[in-house]
Amino acid sequence: MKTLILTVAFALSAFQAHAAGGPSIPMDHIETDISDQESLQNGLTLYTNYCFGCHSLKYSRYERSANDLGIPNEIFEENLMFGDAKIGQLMDISMPADQAKTWFGNTPPDLTLVARLRGPDWLYNYLRAFYSDPKRPYGVNNVVYKDVGMPHVLAGLQGVCAEAPELGVEPEVDPLSGNIVKSSGCKEFVAEGSLSPEEYDQAIYDIVNYLEYVGEPSRMQSESLGIKVLIFLAFMFVFVYFLNKEYWRGIH
Ligand code: HEC
């Protein structure tokens, strides 16, 4: 009996390995959730509108995202695809790498595997870490990725932060007034964006969630399969328990 319980307990415990590469600066932490379809759909929409112009996702197909995110093919084709791309194709783009290098100093990398390479926390902080720096070619710098070649493409949503935002700050609320006295993120803007800081954080969370999904799309299926296996194991356990009792009944 003991061995049986141990075996089941072992089967139930989940192990999750995290990519190495500890952050050298403090960062805010997020828990991604690739079962949150609404977040994934919003992330994909933001990605195609704000990122896809420069960053391909060339190891994944449009159709896979459409199916996994529950978006009918026609709606996907009409709203989330540009030019003459076909739903069965890889999500590649046609930006010439050498020209991109002249424009930005660096070629915008493909982002299919970036969430596995950098980790979701890094991405979540990076996209919230731009600030005004007139010395840089595009007028912005980034706390997480110093002297980055990427312009602040989400400035219309976030606004442009006046100075380097602090990240990884434990939020602190004044118990008397209920006001937030300390928190992560930008405190003062030189240009306003259309979203509130909370809405912007949510938008970035959704983009990162989508990138996390794209990095390992089969995890979505394996997670739902995993749950079915656990339910099966739970039923089996009850069955085996009583069977075990029945076998030993006459012996003790
Ligand atoms: C106008 C072109 C352009 C757009 C649009 C753009 N980027 Fe970039 N991005 C770049 C360039 C160029 C780099 C490389 C910067 C460098 O290495 O200095 C980069 C780098 C990155 C990196 C760092 C990759 C790494 O591991 O080094 C990430 C992550 C990233 N971009 C995410 C995004 C996301 C998410 C969006 C959409 C919200 C986006 N980018 C939109 C040009 C762009």
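**Notes on the ligand site and the disulfide**

1. The ligand has 20 residues around it, of which C51, C54, H55, Y145 and M150 come nearest; a residue is near a molecule if one of its heavy atoms lies within 4 Å of it. This is a predicted model, in which local features need pLDDT of at least 70 and side-chain atom pairs count only at pLDDT 80 or more, while totals for chains, interfaces and linings use all residues. Residues are numbered from 1 along each chain as its sequence is written, and side-chain values use heavy atoms, with hydrogens and water left out.

2. The shell around the ligand is made up of 16 nonpolar, 3 polar and 1 charged residues. In this grouping Ala, Val, Leu, Ile, Met, Phe, Trp, Tyr, Cys and Pro are nonpolar, Asp, Glu, Lys and Arg are charged, and the others, Gly among them, are polar.

3. A polar side-chain atom of R118 lies 2.8 Å from a ligand oxygen, an N or O atom in the side chain of N106 is 3.0 Å from a ligand oxygen, and for G149 a polar backbone atom is 2.8 Å from an oxygen of the ligand. The elements that give two or more residues to this shell are α6 (114–118) and α7 (120–126); helices (H or I, at least four residues) and strands (E, at least two) are DSSP runs, numbered from the N terminus.

4. Which protein atoms are donors of the iron atom of the ligand? They are NE2 of H55 and SD of M150, lying 2.0 to 2.1 Å from the iron, where donors are N, O and S atoms within 2.8 Å of the metal (3.2 Å for Na, K and Ca), and sites may look incomplete since water is not among the atoms. H55 lies in the loop between α2 (37–50) and β1 (57–61), and M150 in the loop between β4 (140–142) and α8 (155–158), so the pair ties together parts that are 95 residues apart in sequence.

5. The arrangement around the iron is octahedral because the 6 donor atoms subtend angles of 88 to 179°; six donors count as octahedral if opposite donors are over 155 degrees apart and all others between 65 and 115. Ideal angles for six octahedral donors are 90 or 180 degrees.

6. H55 is buried, at 11% relative accessibility, where buried means under 20% relative accessible area, exposed over 50%, and partly exposed in between (1.4 Å probe, protein chains only). C51 is buried at 14%, whereas C54, at 27%, is partly exposed.

7. The model has 1 disulfide, defined as a pair of cysteine sulfur atoms within 2.5 Å, and C161 and C186 form it with their sulfur atoms 2.1 Å apart. The torsion about their S-S bond is about 105°, so the disulfide is right-handed. C161 sits in strand β5 (residues 159–161) and C186 in the loop between β7 (180–182) and β8 (189–192), 25 residues apart, so that the pair links distant parts of the chain. C161 is buried at 1% relative accessibility, and C186 is buried at 17%.

8. T48, in helix α2, is buried at 5% relative accessibility, and a polar atom of its side chain lies 3.0 Å from the backbone oxygen of T45.

Methods: Polar contact = N/O pair within 3.5 Å; in protein donor to acceptor, adjacent residues only side chain to side chain. Tetrahedral: all angles 85-135°; square planar, octahedral: opposite > 155°, others 65-115°.
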